[in-house]
Amino acid sequence: MTVKVGLISDTHGLMRPQALEALQGCDYLIHGGDIGKPEILETLKAIAPLTVVRGNNDTDDAWASDVPHEAVLRIGEVAIYTTHILADVPKPLPDDVRVVVTGHSHRPLQQVRDGVLFINPGSAGPRRFKLPITVGMLHIDGADVRGELIELTLK
């Protein structure tokens, strides 16, 4: 059975209905930081169990102090390490980490480095520069992991 993990980052206080629609049906969700306000987390928790990390802009409010800077979600044989900024990913990674999720750059990207899938779902919040508005998805089947980047169609 394939497990779907929805990835969202850099909402900066804006929860687009298109992002919520794209994340429907996920078994788990990960928010890669720069949340913006606690209501974003409550909305996502209504969809699926949520793993969340604090972004560099999640500093001004008391609610953000409870959000960790890094987190690990384990799904069967797959450990997913999440932190907001790619430069903060530890080297070396723990042996069981198969996926690294980051945010911060607003630039959607996925690549395999030394057998580990690095994925940044981009930004689902306010548009920055001319970058697309995106979310991501992990499809996990046993020890197999496939990433997907989804550009949102804005109406």
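Setting aside neighbours up to four places away in sequence, Thr83 is in contact (heavy atoms within 4.5 Å) with Val53, His69, Glu70, Asp88, Val89, Val101, Thr102 and Gly103. This is a predicted model, in which local features need pLDDT of at least 70 and side-chain atom pairs count only at pLDDT 80 or more, while totals for chains, interfaces and linings use all residues. Residues are numbered from 1 along each chain as its sequence is written, and side-chain values use heavy atoms, leaving out hydrogens and water.

Thr83 sits in strand β5 (residues 78-83); helices (H or I, at least four residues) and strands (E, at least two) are DSSP runs numbered from the N terminus. Its relative accessibility is 4%, so Thr83 counts as buried. Buried means under 20% relative accessible area, exposed over 50%, and partly exposed in between (1.4 Å probe, protein chains only). A polar atom of the Thr83 side chain lies 2.8 Å from the backbone oxygen of His69.

Turn next to helix α2 (residues 38-45). Ile40, Leu41 and Leu44 are buried there. Viewed down the axis of α2, the buried residues fall within an arc of 95 degrees, so they line one face of the helix. The arc is taken from the directions from the helix axis to the C-beta atoms. These buried residues pack against β1 (3-8), α1 (17-23), β2 (28-31) and β3 (50-52).

Where does the packing lead? The largest nonpolar core has 21 residues. Such a core is a set of buried Ala, Val, Leu, Ile, Met, Phe, Trp, Tyr and Cys residues joined through side-chain atoms within 4.5 Å. Ile8, Ala19, Leu29, Ile35, Leu41 and Leu44 have the most contacts inside it. Two or more residues each come from α1, α2, β3 and β9 (134-141). The largest share, three residues, comes from α2. A second, separate core of 14 residues includes Leu7, Val78, Val101 and Ile140.

Thr11 lies in the loop between β1 and α1. Its relative accessibility is 0%, so Thr11 is buried. Thr11 and Pro126 are 115 residues apart in sequence, yet their C-alpha atoms are 7.0 Å apart in space. Among the other contacts of Thr11 are His31, Asp34, Ile35 and Ile40.

Ser123 is in the loop between β8 (116-120) and β9. At 2% relative accessibility, Ser123 is buried too. A polar contact of 3.4 Å joins its side chain to that of His106. Polar contacts are pairs of N or O atoms within 3.5 Å; within protein, one must be able to donate a hydrogen and the other to accept it, and residues adjacent in sequence count only if both atoms are side-chain atoms.

His106 brings us to the backbone. Most residues other than glycine have a negative phi, and most peptide bonds are trans. Phi of His106 is near 65 degrees, a positive value. Phi of His104 is positive as well, near 80 degrees. His104 lies in the loop between β6 (97-101) and β7 (109-113). His106 is in the loop between β6 and β7. Buried or partly exposed? His106, at 6% relative accessibility, counts as buried; His104, at 33%, counts as partly exposed. A cis peptide bond joins Lys91 and Pro92, with omega about -5 degrees. Pro92 lies in the loop between β5 and β6.
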